[in-house]
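Have the viewer open with selection by residue number at hand. The stops below go from the whole chain to single residues.

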Amino acid sequence: MTQLIDGKQISKQIKDELRDEVQQLNVQGKNACLAVVQVGNDPASSVYVNNKKKACAYIGIGSKAYELPEKTTEAELVSFVEELNRDETVNGILVQLPLPSHIDEDKIIRTISPDKDVDGFHPVSVGRLWIGEKGFLSCTPAGIIQLLKRSGIEIEGKECVVVGRSNIVGKPMAALLLRENGTVTVAHSRTKNLKEITKRADILIVAIGKKRFITADYVKEGAVVIDVGMHRDENNHLCGDVDFEDVAPHTSAITPVPGGVGPMTIAMLMNNCVETMRTQEERP
Ligand code: NAP
């Protein structure tokens with residue numbers, strides 16, 4: 001019997017836990033405010049920014065949204081972020097990606113103070129993750145760890161295969177699985193005999209960015225399959241990197257798209273915002 005891993009329900013559970021925790025932290029005089037910066041008015045980015053504002057309101061933390069014009073220069077954005085770094089009323093800073101092509105995303109990510117880097121993309125956050133130091137975790141991979149743990153799926157000692165090595169999903173995913181004592185293999189576009197490798201996986205995590213790429217012949221019978229991909233198919237329906245209909249009957253547990261990994265990213269962003277409160281001094 002295949003277990004359907006319900007990301008909607010688990011993300012709601014996490015947000016409710018955070019809401020309770022925020023109430024208690026408020027009593028101790030601890031507060032948080034997330035600054036979300038959007039450059040230009042890409043409709044998809046506007047939806048993400050709105051969802052983040054809504055999630056902040058739900059768990060009871062402040063948010064400030066800044067919409068900067070498309071023609072904002074890199075230098076202007078750098079000084080805007082530096083100003084937010086200095087602003088003591090702002091605890092977390094998120095610059096919505098992608099940025100217009102005339103702005104170097106890496107430069108902007110590096111400008112955000114590591115103490116306010118709630119996306120977990122700054123090299124300092126990435127370094128802390130790899131050496132096992134406390135720090136902000138990249139939200140999508142951290143959400144996947146929560147999906148596994150809260151669905152009763154043990155990671156320790158398991159063969160974990162991550163397909164994809166992006167800085168925002170594949171690489172931090174590998175680091176987190178390693179931290180949970182999984183045995184980790186990372187595959188990518190130059191990997192030879194991909195099927196042989198994915199078929200070894202007890203836990204297969206797919207972040208390739210290719211519609212329904214993973215079919216049943218890539219999956220070991222009884223594996224756990226986590227699908228990070230997010231696409232619109234020819235009928236305008238959402239689908240993942242995994243061919244769900246083909247693969248699901250062969251798995252012990254699988255995430256659907258939508259309603260699997262997607263809702264977890266915001267829940268873990270909220271967790272990072274609350275983390276900025278946990279570490280604050282208690283105020284009378
Ligand atoms: P990305 O930056 O495009 O990276 C894709 C990775 O897949 C690369 O490492 C690439 O290898 C590898 N790859 C491509 N074709 C392959 C193949 N045929 N065989 C094996 N590996 C292959 O993508 P991403 O940002 O990680 O995102 C992946 C997917 O997740 C996308 O669909 C994205 O929309 C989705 N996503 C969802 C969430 C969420 O919250 N649900 C968050 C982030 C991303 P090379 O490195 O060799 O090029």
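The tour starts with the overall fold, then goes to the domains, the ligand and some backbone details.

**Ground rules.** This is a predicted model, in which local features need pLDDT of at least 70 and side-chain atom pairs count only at pLDDT 80 or more, while totals for chains, interfaces and linings use all residues. Residues are numbered from 1 along each chain as its sequence is written, and side-chain values use heavy atoms, with hydrogens and water left out.

**Stop 1: everything.** Select the C-alpha atoms: along the principal axes they fill a box of roughly 55 × 45 × 40 Å. The radius of gyration is 19 Å, which agrees with the value near 19 Å that a compact globule of 284 residues would have; the radius is taken over C-alpha atoms, and the globule rule is 2.2 Å times the number of residues to the power 0.38. Switch to a cartoon to see 10 helices and 11 strands. Both are DSSP runs, numbered from the N terminus (helices are H or I with at least four residues, strands are E with at least two). Of the 284 residues, 48% count as buried. Buried means under 20% relative accessible area, exposed means over 50%, and partly exposed is in between, with a 1.4 Å probe and protein chains only.

**Stop 2: the domains.** Colour 30-115 as domain 1 and 139-262 as domain 2; such bounds come from an automatic or database domain assignment. The centres of domain 1 and domain 2, taken over C-alpha atoms, are 29 Å apart.

**Stop 3: across the sequence.** Select Cys 139 and Asn 272. These residues are 133 apart along the chain, yet 8.2 Å separates their C-alpha atoms. Asn 272 belongs to helix H10 and is buried, with a relative accessible area of 6%.

**Stop 4: the ligand.** Which residues come nearest to the ligand? Of the 23 residues around the ligand, the answer is Arg 165, Ser 166, Ser 189, Lys 210 and Thr 265. A residue is near if one of its heavy atoms lies within 4 Å. The shell consists of 10 nonpolar, 10 polar and three charged residues. In this scheme Ala, Val, Leu, Ile, Met, Phe, Trp, Tyr, Cys and Pro are nonpolar, Asp, Glu, Lys and Arg are charged, and the others, Gly among them, are polar.

Next, show distances from the ligand. A polar side-chain atom of Ser 166 lies 2.6 Å from a ligand oxygen atom, and a side-chain N or O atom of Thr 265 is 2.8 Å from an oxygen atom of the ligand. At His 188, a backbone N or O atom lies 3.5 Å from a nitrogen atom of the ligand. On its own the ligand has 930 Å² of accessible area, and the protein covers 70% of it; the areas come from the Shrake-Rupley method with a 1.4 Å probe.

**Stop 5: cis peptide bonds.** Select Leu 97 and Pro 98, which are joined by a cis peptide bond with omega about 0°. Pro 98 sits in the loop between strand S4 (92-95) and helix H4 (105-111). Then go to Val 257 and Pro 258, where the peptide bond is also cis, with omega near 0°. The loop that holds Pro 258 runs between strand S11 (251-254) and helix H10 (262-278).

**Stop 6: positive phi.** Asn 181, a residue other than glycine, has a positive phi near 70°. Asn 181 lies in the loop between helix H7 (170-179) and strand S6 (183-187) and is partly exposed, with a relative accessible area of 44%. Finish at Asn 236, where phi is near 65°, in the loop between strand S9 (231-232) and strand S10 (238-239).

Technical notes:
Polar contact = N/O pair within 3.5 Å; in protein donor to acceptor, adjacent residues only side chain to side chain.
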